[in-house]
Amino acid sequence: MTETASPTGPRTLAIPPRPPDLQGIPVGERRAIVVGASSGMGAALVRQLAREGYQVAALARRAGELETLKAELEPVARAAGGAVTVRAVDASDAGAAPAMFEELVLGLGGLDLFIYAAGVMPKLERTEYPTDKDLSVLDVNCAGLVAWGNLAAHLFTTQRRGTLVGISSIAGDRGRKGFPVYCASKAFMNTYLEALRNRLSEVDVHVCTIKPGFVDTAMTQGMKGLFWLISAEEAARQILSAARKRVNTRYVPGRWFFVGTTIKLIPSFVFRKLNF
Ligand SMILES: NC(=O)c1ccc[n+]([C@@H]2O[C@H](COP(=O)([O-])OP(=O)(O)OC[C@H]3O[C@@H](n4cnc5c(N)ncnc54)[C@H](OP(=O)(O)O)[C@@H]3O)[C@@H](O)[C@H]2O)c1
């Protein structure tokens, strides 16, 4: 509090505005890394975090997109007491991850929230079995998550606090004809994230698995027959809400829970007749 002179009378005490208290998250605990942040849900998550006054580091391969995002968000973030840092990196380069992670955590002054939003799903014909393409999906969706997720898990274990979020997919609930390796990569994510959640629960660190349905991003551009499509911004809002409520697994939007639960119950001999 500071003392100021009032033009109309005696000196009064000016009470500084209270910093925004975001769902109980203190200002000093708003430090986040988002991997896969140059477009889609990752970029929307960075936008929301910047608006909320986070110190947020946005990572992806396309430096140009990241710089554009930073330029857009800098005034918003600064006004809210936060900042946006960007780094161009290939998340599947496991060798590059430790040094960059350490540099970012030092720069942010700590870490409270880690989000892995990087993912690829190349177009695939039903008759195609392209090993190179398939292995590149595993590199980003699985190896990248492990490379970065392990670093976040280790740090959060040491400090006994933090939240780790992985964006998986409803596609991981069953093996579909259309995208065998993409589905398998998301099933890997689900199991890896569940195992981390079980381990880290011992030190009160939360791990949240997100299973989106259809979200309007570059990944779904040109796809036919999409339904219940939501914007990346709406998905980001629901993702952060689930993470803050310490939800274990959240379908986004929530109605996909019924689809996920139903398709898991369909017997294999019936499921293979469906045109997924
Ligand atoms: N859209 C949907 O309907 C939907 C549904 C279920 C699940 N998902 C999942 O949601 C996640 C986000 O996807 P999105 O829909 O937001 O699509 P998107 O706009 O294509 O975003 C994908 C992000 O991943 C980044 N990325 C890809 N490869 C990378 C790499 N090697 N290193 C670092 N970053 C990499 C991309 O950035 P760069 O290309 O710049 O590297 C981009 O920022 C993905 O895991 C996806 O599988 C999406």
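This report describes helix packing, the surroundings of the ligand and some backbone features in a predicted model.

## Basis of the description

Residues are numbered from 1 along each chain as its sequence is written. Because the model is predicted, local features need pLDDT of at least 70 and side-chain atom pairs count only at pLDDT 80 or more, while totals for chains, interfaces and linings use all residues.

Helices (H or I, at least four residues) and strands (E, at least two) are DSSP runs, numbered from the N terminus. Two packed helices are described by the angle between their axes and the distance between the axes. Axes are lines fitted to C-alpha atoms, for helices over the stretch in contact, and angles run from 0 to 180 degrees between N-to-C directions.

Helix α3 (residues 97-108) has 12 residues and reaches 16 Å from its first C-alpha to its last. This is close to the 16 Å expected at 1.5 Å a residue, the expected span being 1.5 Å times one less than the number of residues. Gly109, with a positive phi near 80°, follows α3.

The axes of α3 and helix α4 (residues 131-159) are 10 Å apart and form an angle of about 45°. That makes α3 oblique to α4; angles under 35 degrees count as roughly parallel, over 145 as roughly antiparallel, 65 to 115 as roughly perpendicular and the rest as oblique. The contact involves Ala97, Pro98, Phe101 and Val105 of α3, together with Ala147, Trp148, Leu151 and Leu155 of α4 (C-beta atoms, placed from the backbone, within 7 Å). By class, this contact has 8 nonpolar, no polar and no charged residues. Ala, Val, Leu, Ile, Met, Phe, Trp, Tyr, Cys and Pro count as nonpolar, Asp, Glu, Lys and Arg as charged, and the others, Gly among them, as polar.

The axes of α4 and helix α5 (residues 180-200) come within 9 Å and cross at roughly 10°. The two helices, α4 and α5, are therefore roughly parallel to each other. Residues of α4 including Asp134, Leu138, Cys142 and Phe156 meet residues of α5 including Val181, Lys186, Met189 and Leu200. The contact of α4 with α5 has 14 nonpolar, 4 polar and 2 charged residues.

Arg160 lies in the loop between α4 and β7 (163-167). Although Arg160 is not a glycine, its phi is positive, at about 55°.

## Helix α1 and the ligand

Helix α1 (residues 40-51) contributes 3 residues to the shell around the ligand, the largest share. In total, 29 residues surround the ligand, and the closest are Gly36, Gly40, Arg61, Arg62 and Gly119 (C-beta atom, placed from the backbone, within 6 Å). The shell has 15 nonpolar, 10 polar and 4 charged residues.

Helix α1 also packs with helix α6 (residues 232-244) at an angle of about 65°, with axes 8 Å apart. Gly40, Met41 and Ala44 are among the α1 residues in this contact, and Ala232, Glu233 and Arg237 are among those of α6. The contact of α1 with α6 divides into 8 nonpolar, 2 polar and 2 charged residues.

## A cis peptide bond

Val252 and Pro253 are joined by a cis peptide bond, with omega about -10°. Pro253 is found in the loop between β11 (249-252) and α7 (256-265).

Definitions and conventions:
Two residues are in contact if their C-beta atoms, placed from the backbone, lie within 7 Å.
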